[in-house]
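Visitor: I am new to this structure. Please show me how to read some of its features.

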Amino acid sequence: MRVLVIGSNGFVGRSIALHACALGCDVFGMGRTQLSSSAGTTYVQGDRTHPDQVRQIAVDRMIDVVVDVIPMLAADTQPLLHALDGQIRQYVMISSCDVYANYELLHRRTTGTATLTAVNEDSPLRSTAYPYRYDEPRTKEDPDQYLDDYDKIPIEIAVQQLASAWTILRLPMIYGPGDKQRRFRWAIAPMLRNHETLTIPRTWANWQSTYGYIENVGAAVAATLGNPSAYNRVFNVAEETSISQLGWAKKLAAACVWQGTIELTDDPRDSFHKRISNLDLSVPLKIDGSRHRELLSFSDVVDENTALQQTIASETLN
């Protein structure tokens, strides 16, 4: 099976390409810059905003499956879908759990009733568009300017109209080596510095969410490639359990062999509290990934302890 991974140079794309190779796929990684082929992946230079170019790559390389890691804007994804439809066996869209209504409630984009249990693929989606757009538009010089028009929901709708088979994968917050957002740095950094106390806001400590370790996420995506059980389906990708941030702090303390004390604070002057003050942390972001695990007989390839150890090691180096 010949697979083209659009955006294979990035955090998520590299992992997908690696695990697709491990499954025996003939993997081509596409990016705007030409890189040397490595780790079983053949790199080709291409720009997804030029759909005819991508279509020609798919034809020339006899591609069966396209994994689109970076479908951010409907304006440049819909022409790509049109160019590829009927030319490939399967289009795999990397989406996000920010499509769910709980996400807009968490970020105070609207008011309403949150889903307190883990959201599944049939849970309510956002009612508001452009989840990262501010009242003041970003300037053209801002590298995040594209976020003004970012929205996965209209792209998901377009994908589901394809004649080719399609698969939509809604990813959670992802942690591990290479994570530029450093999801767990708030806990790991003080522990590695051997601080006696880790002080965190009580609201943050109680907030429940679901994460995914990068290698498990890459393997989960790879499990859908060319798999008829994944055709024309939407999947959440997530760890099996959702715990509070206090629970994560305790797991990380054990992994760091940190002997300090975790203290909770309600002080609004606390710097951590100020960073999360725009969030409604009474709204959980728990994700149910059981459909993917059960239909595709998938299980994580890296256990939690190893995932945490590798995440901590990556923080040590930076």
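Guide: Start with Glu304, which counts as partly exposed at 32% relative accessibility (buried is under 20% relative accessible area, exposed over 50%, partly exposed in between, with a 1.4 Å probe and protein chains only). The model is predicted, so local features need pLDDT of at least 70 and side-chain atom pairs pLDDT 80 or more, while totals for chains, interfaces and linings use all residues. Residues are numbered from 1 along each chain as its sequence is written, and side-chain values use heavy atoms, leaving out hydrogens and water.

Visitor: With which residue does Glu304 form a salt bridge?

Guide: Side chains of opposite charge can pair when their charged atoms come close. Here the partner is Lys251, with the closest N and O atoms 2.8 Å apart (a salt bridge is a side-chain nitrogen of Lys or Arg within 4 Å of a carboxyl oxygen of Asp or Glu). Lys251 lies in helix α9 and Glu304 in helix α12 (residues 304–316), so the pair ties together parts 53 residues apart in sequence (helices, H or I of at least four residues, and strands, E of at least two, are DSSP runs numbered from the N terminus). Lys251 is partly exposed, with a relative accessible area of 30%.

Visitor: How many salt bridges does the structure hold?

Guide: The structure holds 18. One of them joins Arg2 and Asp26, whose closest N and O atoms are 2.8 Å apart. Arg2 sits in strand β1 (residues 2–6) and Asp26 in strand β2 (residues 26–31), 24 residues apart. Relative accessibility is 23% for Arg2 and 31% for Asp26, and both count as partly exposed.

Visitor: Which residues touch the most other members of the largest nonpolar core?

Guide: Val67, Ile94 and Trp186 do, in a core of 73 residues (a set of buried Ala, Val, Leu, Ile, Met, Phe, Trp, Tyr and Cys residues joined through side-chain atoms within 4.5 Å). Helix α9 (residues 245–256) gives the most to this core, with seven residues. Apart from it lies another core of 24 residues, including Ala58, Ile88, Ala158 and Leu162.

Visitor: Is helix α5 mostly covered or mostly open?

Guide: Helix α5 (residues 152–159) is mostly covered, with six of its eight residues buried. They are Lys152, Ile153, Ile155, Glu156, Ala158 and Val159. Among the elements that cover them are α3 (74–84), β5 (90–96) and β6 (165–171) (contact means heavy atoms within 4.5 Å).
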